[in-house]
Amino acid sequence: MCHSRKSGNPEKRNWIPHQVRNDRQKIIMEKILLKNIENPDSADINEYINVGGYKNLSKAFEYQPKDVIEEVKKSGLRGRGGAGFPTGMKWSFADADPKFPKYLVCNADEGEPGTFKDRPILEKNPHLLIEGLIISGYAIRAEYGYIYLRGEYPYAKEVLNRAIRQAYEKNYLGDNVLGKNIKFHLAVYQGAGAYICGEETALIESLEGKKGQPRIKPPFPVNVGAWGMPTIVNNVETLSNVPYIIEAGAVAYSQIGSKDCPGPKLYCISGCVEKPGVYELPMGISLRNIIYTHAGGIKDGKKLKAVIPGGISTSVLPADKIDCPMDFVSMPKHGSMLGSGAVIVMDESVCMVKVTYRALKFFEHESCGKCVPCREGTEWLRKILERIEQGMGREGDIELLSDVSETISGRTFCPLGDGAAGVVIGMLKHFRHEFEEHIKNAKCIFS
Amino acid sequence: MITININEKEIRLDKPVTVLEAARTAGIKIPTLCAHELLEAYGGCRLCVVEVERMLKLQTACTLIAADGMVIRTKSEAISNARRSILEFLLINHPLDCPVCDKAGECELQDLVNKYGATAGRFKEEKRKVPESHEDRIFTRNMERCVLCTRCVRMCNDVQGASAINIVGRGGRSRMEPFSPTSFNCEYCGNCLTVCPVGAILSRPHLHSLRPWQIDKEVETICPYCGVGCSFVVQVRDESIKRVIPRFGFGLNNGLLCSRGRFGYEVTGSQERIKVPLVRIDGKLHQSTWDYALNLIADKLKDIRDTHGGSAIAGIASPRCTNEDNYVFQKFMRMACKTNNIDSISRIGFASAQRYFEDLLGQGITANIILGLKNSDIILVLGGDPTAVNPILGLSIRAAARNGTKIAVIGNAKGLERFKTLRIVPDIFKEAEVLEYLLTEIFRAKGLRGEKPALDRKIEGLSGKSLKIDIAGLAELKDVLLSGGSVSIVLGMDVVHRSRGHRILFAVAGITYLLEARLYLLSESSNEQGLIDMGCVPDMLPGGRPLVVGDFKKRFETVWKGTIPEKGGLTLMEIIEATKDKKIKVLYVMGENPVFNLPNTSYVKEALKSLDFLVVQDIFLTETAELADVVLPASGWSEKDGTYTNLERRIQLLRKAVNTPSSADDWRTISEISSKMGYEMHYPRAEDIMEEIATVSPLYKDLTYDEIEKGNCLWPYNGEPLRGVVSEIPAAEETFREYKEGLYLAPEKILFHSGTLSRRALALRKICPEPTLKIGTNHAEKLGLKEGDNVSVSTAQGSINVQVSIDTAIKDNKVLLGNNFEGRGVFSLLNYEIDPITKVPGIEGCEVTIEKI
Amino acid sequence: MFKETILKEIDDIKARYPDPKSALLPTLYIAQREFGWLSHEAMHVVAQSLNLPEAMVRGTASFYTMFKHKPMGRHLIQLCTNVSCMILGAERLVDFLKNRYSLEPNITTTDRRFSLVIMECIGACDRGPAMLVNTDFHDSLTEERIEEILEKYK
Ligand SMILES: Cc1cc2nc3c(=O)[nH]c(=O)nc-3n(C[C@H](O)[C@H](O)[C@H](O)COP(=O)(O)O)c2cc1C
Ligand code: SF4
Ligand code: FES
């Protein structure tokens, strides 16, 4: 049974049972991450304070840093950037490294196509993120935080810079935060159009003023990160969860969402649905529920064909596979991944070859060029796909596509190349017939 | 202790290294492409994959650090498949133009595909097109052949530190380019060439000139250009050197080269070589025979010696000749000609500086290992740019900087601009004041060491003076020096050839002493140290044994079977002046070009013209040779066996690489003349000379070629430093010169040239075809000069026309000009004044006027 | 070299990071603002002001697609055609821009009014197709809306 209710009691609200069912019940959840964003001035510090903002900061300062880490560990929070790594554990790694200074970096690169979940936080609720950053910085004893913001979000940059200025004015940031002898400084670093800079080590390189090419791991950023120092990289949404964990406590927090992956999640739905947008829903809600109950179903009464559930790098799911709970643990069991929670919905009129081709064009464009299989493989795949889409497919192309993607898979330097190969592999697995028909008919069957 | 298992073989490691390295030490080969022993791990090519137990995916051996208990396999079906597919990927955009590619035969990609690749490709699409680039003077770029391993870029950035090239673009659109798409405009070290596994970067001088399998022989030898003495291999075909390639894992350069070493080898193969002896008849040089020429010389020398005494004869030895040449030369001068008037161009810097430091601090004070620079906490650089004078030593400084060593520069050192921690620019020619200030401050902070009384006394005396200097950064420099870390001082000769250079040397000696610093002297020529060791100085016998100590002298006399003249000889400029005064009547010059390389060239020329008899032994008809009465052909660096001693006192073997029938070893020619004069010298081979040196020189005691071959011979070899320190430090009367607002001329050391030799190396002339006058931005603006303007540069000595080059690193009112191009050397514009203590010709302070033409 | 005020701006940026090299991307943005695009001269100036090798500056700048290596029109249109936008018809809009304004990807119109760059996702997928004109977001694009919007950019 999946019930949820709106409740004023922080201990009880917003929970759904851990065994998620694939029903269609609408879940009405009190907004945690997107609280107050309907307010046109939500980005202003006073509005944020009015709805209880920055309260959790003083509360957090009453804990020892280690205890904050413990609390986050207990809460079960997992990183929302895509990999779902337990946040508290990551922090304790950095905490255990004796080197100082340590740095906290917020990953606001949001480059995964289909993803726009961090944008409402950045543009409408920046102080939630800043509060989250200060608390997290306190926990890992970092005195400097950086928000690595993608270059494509110029408006968010303005909002963040204003919010940071306000936070400095109110002494939430600075050398002596809230007079507690705690130092925390924050600055925005603007990326410049490179998807790979979302990958944490590439992001760090970029933050250091270099090309965003991934680094060899290990050492991991928690030990050797920005400027050679222990560095925590966390996603915007991840950090925005932290104030609430302090507010409600780890136990209450862990009641939200699914057992292994608790908490609220921002799902962003785009494509052929009636009501695309960002939805804040409990972790583990089913894909079907998101699409049909919240996003209003398929547009224009058409039939659902396929869903890319977690951003373009995650494997496609055909229409009959959407009863899976959307969280980090369940999705892999269903043949895909939660990724960034970016749901791209495709109806019967969408050509899967074209989608694959467009995706590979993206990967080819974004490959950083460091490793051979990704650099050469994505280009090769794109060229074959382009041909097939244009009606110039040849016999053996499908085998070649499959072979080349298998060759890329597992051999690239970073997950970008794997993602690219995964897209082709997934598409061929579920929609091979469309590729075959393209080749047979020597044209795109949808245009 | 870490134990791992590769292919069932147990390997023990005492520190965590990569699996690739572990395999290499165990003799297990793993194919690689982006990995290179001189570069950090990169992990881009993915060729080095291995299987590791309990790890899901294949792992790259070059990035995986071996952990205790790892079980690794380097061969399996999965691994072969992975390698094959990587090679397939690499070939899809490769032009497969091996038949016309210079790299064929030594191409790593070709070899890898041969061994691990598939026989047919499946890529049917169009390949990427990138136009070839031939615009640069030295390098060609073919980015279709490039495999984007980035070795060249990593070499250029992380090792060479020139950072002149980079990958431009991203993903499949990546390509290597210099900043300017047409010209590399870099240090032209060519180390990128060395590491490029394919034919993507090639050198134009070698383009289509040979195939690797056409090489007749490869000879391991050392570079003739500077006092570092890099090891490399010359490739010879048809008795001519076709290429210089690096030698990894050997020598202190470990495979790295500079532009001169890599591209300057053509010198000896030049068409302009002197092939037969020339004798002056009726004012003109005519071709002659060896017999005639040698007899003529012997007779003349004998005659002068017997009528005017040995003191009417003088000899100039060469820091470019081998130890064997120089040893025989001074022995000939002393024993056959009966004179101690022996000196060399090194007097202008290295020999004088070293002598001064050894007098104060003890023999061997500058014997410090170049590679040890990396272990310093602080490196103080003054008197020149190490990256231009001794490029490979310069790389050690850059490497140190990358590791966190503080680099403090006094004056100009362009090649360290991006590596320095701080830099101070003293007022023009006021280095002495700055150094004395530092010395007294260090003395105040640390007190005396009390080991060398004469030095202690003088430092104390100095501190009485009140020194007020106000220069930006000086206080910080003082703090850095006093911060307690280990200090190395790298001294270039620009502050030595000063009319009061001894003041600077004293201050440097004092600082070295108080801070227990390591001292390095930059050395422009390949055998400056060896030249001194061999006794080519007026008052020292081989091994740095003072002539005045009777015991020493007697010992040499026993071995040499004769008497050595008592009286010390004249130093270089004194010889020239005595020539002018007709006190010296015969001058014997071996491998040197004083008319070009000494200040006030017109004066030097006049002096040499007034000689009764001038003998020049050289490979080219130099400006000096043109004045000679007899010119004898010599052998060049690649034509003889012998040894050089580098600036850290490493004795290294020079090997004969080519046979040039017209060449003649300097030592052999001299021995013959000597014998004709009645002092018999017979050495069948160069090695036999070293055998004698090893018996007489305490520093080279017991040394043999076999030992030297191993590469680790540093003197004192089996002996000890002998010479103690002086008990009284001579001082000269202080003369102060006020420098006005004007511009002053100073010699520049050019990376691509080293003087008379390099101007015959075509490749080097391509890199740097014209002399340029370097001027700081401010002064260029004031004079309305732009890059490339033609100007006339005039001093009281004369005037020459050159192009202007604006150098942002020059912050003071100096203008720099090199001494490398015929007819337009800086020395022709400089006058000199001899430092009374070091006898160095001081050449600073020539005011210049610059006019646009 | 940059003007004093800009050097000051760069100094302020440098001060935010433990290593001044971090100021490279921000300084490239500044140079782009000042020069309009990253000419060799602009990159040379950046290299000088940060004491970085020119080739490194160029290499880094060329890695990021938002740095422009040729002159741009007065208004930069960045249109997303990634999957979500594509599904909603972004490709039609590319054709429209070509037919209506002679504007093609990576091309500047002859009157220098517009330049067009095709973007990977710009994070407006729910209201695609979407574009940025200079720094303004415009979404739910149709042919008519594009025409209407571009009217405002002269
Ligand atoms: C190719 C690639 C792109 C990525 N892009 C993003 C991104 O845009 N935003 C993000 O937060 N994480 C991204 N990540 C994940 C980050 O590497 C990293 O896991 C994350 O920032 C960690 O934060 P979290 O623990 O809070 O999720 C990306 C990873 C890869 C491999
Ligand atoms: S997989 Fe390789 S080429 Fe692709 S982005 Fe990662 S490191 Fe770069
Ligand atoms: S796919 Fe177009 S904005 Fe995201």
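**Reading chain C and its partner, chain A**

Mentor: Welcome! Let's begin where two chains meet: in this predicted model, the interface of chain A and chain C holds two salt bridges.

Trainee: Which side chains meet in a salt bridge there?

Mentor: One of these pairs is Arg358(A) with Glu120(C), whose N and O atoms lie 3.0 Å apart.

Trainee: How many residue pairs are in polar contact between chain A and chain C?

Mentor: The count is 17 residue pairs, with both partners at pLDDT 80 or more.

Trainee: How should I read the size of an interface?

Mentor: It is often given as the accessible area that is lost when the parts come together. For chain A and chain C, the buried area is about 3600 Å², and carbon and sulfur atoms give 62% of it.

Trainee: Now chain C itself, please. How many helices and strands are in its secondary structure?

Mentor: Chain C has seven helices and five strands. Starting at the N terminus, their order is α-α-α-α-β-α-α-β-β-β-β-α.

Trainee: Into which domains is chain C divided?

Mentor: Domain 1 covers 4–63 and domain 2 covers 75–151. Taken over C-alpha atoms, the centres of these two domains of chain C are 29 Å apart. The C-alpha trace of chain C spans about 50 × 30 × 25 Å along its principal axes.

Trainee: What share of the residues of chain C count as buried?

Mentor: Of its 154 residues, 60% do.

Trainee: One last topic, cysteines. How many disulfides are there over all chains?

Mentor: The count is zero. A disulfide needs two cysteine sulfur atoms within 2.5 Å. Take Cys189(B): the nearest cysteine sulfur belongs to Cys192(B) and is 6.0 Å away, and Cys189(B) is in no disulfide. Cys230(B) is in no disulfide either, with the sulfur of Cys223(B), the nearest one, at 6.1 Å.

Trainee: Are Cys189(B) and Cys230(B) buried or exposed?

Mentor: Cys189(B) is buried, because its relative accessible area is 9%, and Cys230(B) is buried too, at 8%. The cut-off for buried is under 20%.

Conventions: Residues are numbered from 1 along each chain as its sequence is written. Chains are lettered from A and ligands numbered from 1 in the order in which they are written. This is a predicted model: local features need pLDDT of at least 70, side-chain atom pairs count only at pLDDT 80 or more; totals for chains, interfaces and linings use all residues. Side-chain values use heavy atoms; hydrogens and water are left out. Buried means under 20% relative accessible area, exposed over 50%, partly exposed in between (1.4 Å probe, protein chains only). Domain bounds come from an automatic or database domain assignment. Buried area is the accessible area (1.4 Å probe) that two parts lose on being put together, summed over both. A salt bridge is a side-chain nitrogen of Lys or Arg within 4 Å of a carboxyl oxygen of Asp or Glu. A polar contact is a pair of N or O atoms within 3.5 Å; within protein, one must be able to donate a hydrogen and the other to accept it, and residues adjacent in sequence count only if both atoms are side-chain atoms. Helices (H or I, at least four residues) and strands (E, at least two) are DSSP runs, numbered from the N terminus.
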